[in-house]
Amino acid sequence: MDKVELSDAIADFAGLVGRVEETGERVCVVDGSEPTSVILPAAELAELEHFAQRAHDGARHRPRSGSGQGHPFGPDQQGPYIRYVHADGGRMTFVRDRVVVAELRSVAELDWLEDRAHTARQSYMPPKQAAAFEEFLARQGPVGDGVAWIAGSWRNQEPFTEIVFIKGPTAEDVAHAYGADAQDIADGLLLHQVEEQDARDGTDDLTHVLAFGEENGWTWLGYHDFDHAFSRSLDPPPEQQITLRSTMAKAIYTFDYFENGVYQNPFPIEDGAEDQRDMYELIWYTPGEAPFAPEAPLSFLNLHLRIAEKAGNWTDSIALFFEGLERAFGLALPRDAITSGNVRCARPARR
């Protein structure tokens, strides 16, 4: 990158801008040996701004130039270019024939933009590459036991009526927030202990406990809550929350997905249906058909479901849907631990 003394730059901005426009290369303005600002192509700055504004770290505020005092107000002719000095006095825009060709930014601001743009670019892929990568991920098998194995018994409300997956807080924190008994949590009560007590004492506590654990970075919950003893919401809302509810008596099996408390479920595609539904029933899913509209927030599930169908691991539509969730979100439930009752649980807090 060429370097030009500040005094020379002030005397011949038109020549420097012409060099930048012709070569596409930056020119650094120095005061003595200290870099102060950079003239760069407008297209390059636009790209940096595009990516920088998509970075979410927010650790440093954008550096700003000093006072604009001493600079002329209004457009300033610089050879074939019009120079517009920004209100802060340090940034400049150069226009030729009503087209922006170059910009001047301070070294500090440009460093800030490049740092943030680099962060955002690391997660960016062009649409075709992103689609190919998503398909590659969808073809990967579930991690651990997955969740499709529980679909059949869950459909019959065993061992749980509701299965919830929560991203963010720990399993113990979620259990406390749901109103589970703090002493049961501290004691490490296990599901099989409650089952054995029911058999011994003739009680029915097994249908009134909250089972919980952590798998693949998710907290999972399993419970019946027929008497609504447990809370169904967290404050603040978790990063992601997936809820599967089974109501065998009415043959209603639902799937809900929230991101930061915002409901994400798209509405099902139904011929001739104009009304929008406020939930998604799993019986609406027909293997071989895309259940979600292309513009819907959860349209990416279509690909994962298609891969699950091609894998041929399950024939039941609900089990196939569960496998699609496995592939899309990395969900898993510990099969041996749940079936043997060696998972933690807690009764509702005593009132």
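## The start and end of helix H11

At the start of H11, a side-chain oxygen of Asp316 comes to within 3.1 Å of the backbone nitrogen of Ile318. That is a polar contact in the sense used here: a pair of N or O atoms within 3.5 Å, where within protein one must be able to donate a hydrogen and the other to accept it, and residues adjacent in sequence count only if both atoms are side-chain atoms. Just after H11, Gly330 adopts a positive phi of about 70°. Helices (H or I, at least four residues) and strands (E, at least two) are DSSP runs, numbered from the N terminus.

Please keep in mind that this is a predicted model, in which local features need pLDDT of at least 70 and side-chain atom pairs count only at pLDDT 80 or more, while totals for chains, interfaces and linings use all residues. Residues are numbered from 1 along each chain as its sequence is written, and side-chain values use heavy atoms, with hydrogens and water left out.

H11 spans residues 317-329, and its 13 residues reach 18 Å from the first C-alpha to the last, close to the 18 Å expected at 1.5 Å a residue. The expected span is 1.5 Å times one less than the number of residues. How many residues of H11 are buried? Twelve of the 13 are, which leaves the helix mostly covered; among them are Ser317, Phe321, Phe322, Glu323, Arg327 and Phe329. Buried means under 20% relative accessible area, exposed over 50%, and partly exposed in between, with a 1.4 Å probe and protein chains only.

The largest nonpolar core has 40 residues, and those with the most contacts inside it are Phe165, Phe255, Leu282, Phe321, Phe322, Phe329 and Leu333. Elements that give two or more residues to this core include helix H6 (151-155), strand S8 (162-167), strand S10 (218-223), strand S12 (252-259) and H11. H11 gives the most, with seven residues. A second, separate core of 16 residues includes Val4, Ile39, Tyr81 and Phe94. Such a core is a set of buried Ala, Val, Leu, Ile, Met, Phe, Trp, Tyr and Cys residues joined through side-chain atoms within 4.5 Å.

Leu333 deserves a look of its own. Leaving aside neighbours within four places in sequence, Leu333 is in contact (heavy atoms within 4.5 Å) with Asp145, Gly146, Val147, Trp149, Ile150, Ile163, Phe165, Trp220 and Ile338.

S10 pairs with S8 in the antiparallel sense over six bridges, and Glu162 stands opposite Tyr223. Pairing requires that DSSP finds at least two bridges between two strands. Strand S9 (residues 210-215) also runs antiparallel to S10, joined by six bridges, and Glu215 has Trp218 as its bridge partner. S9 and S10 form a hairpin with two residues between them, and Asn216 in the turn has a positive phi of about 55°.

Five bridges join S3 (residues 34-41) to S7 (residues 99-106) in antiparallel fashion, with Val38 partnered by Arg105.

Is Asp256 buried or exposed? At 10% relative accessibility, Asp256 counts as buried. Asp256 sits in strand S12, and its side chain makes a polar contact with that of Arg245 at 3.0 Å.

Glu114, in helix H4 (residues 107-121), counts as partly exposed at 30% relative accessibility. Not counting residues up to four places away in sequence, Glu114 touches Arg26 and Leu48.
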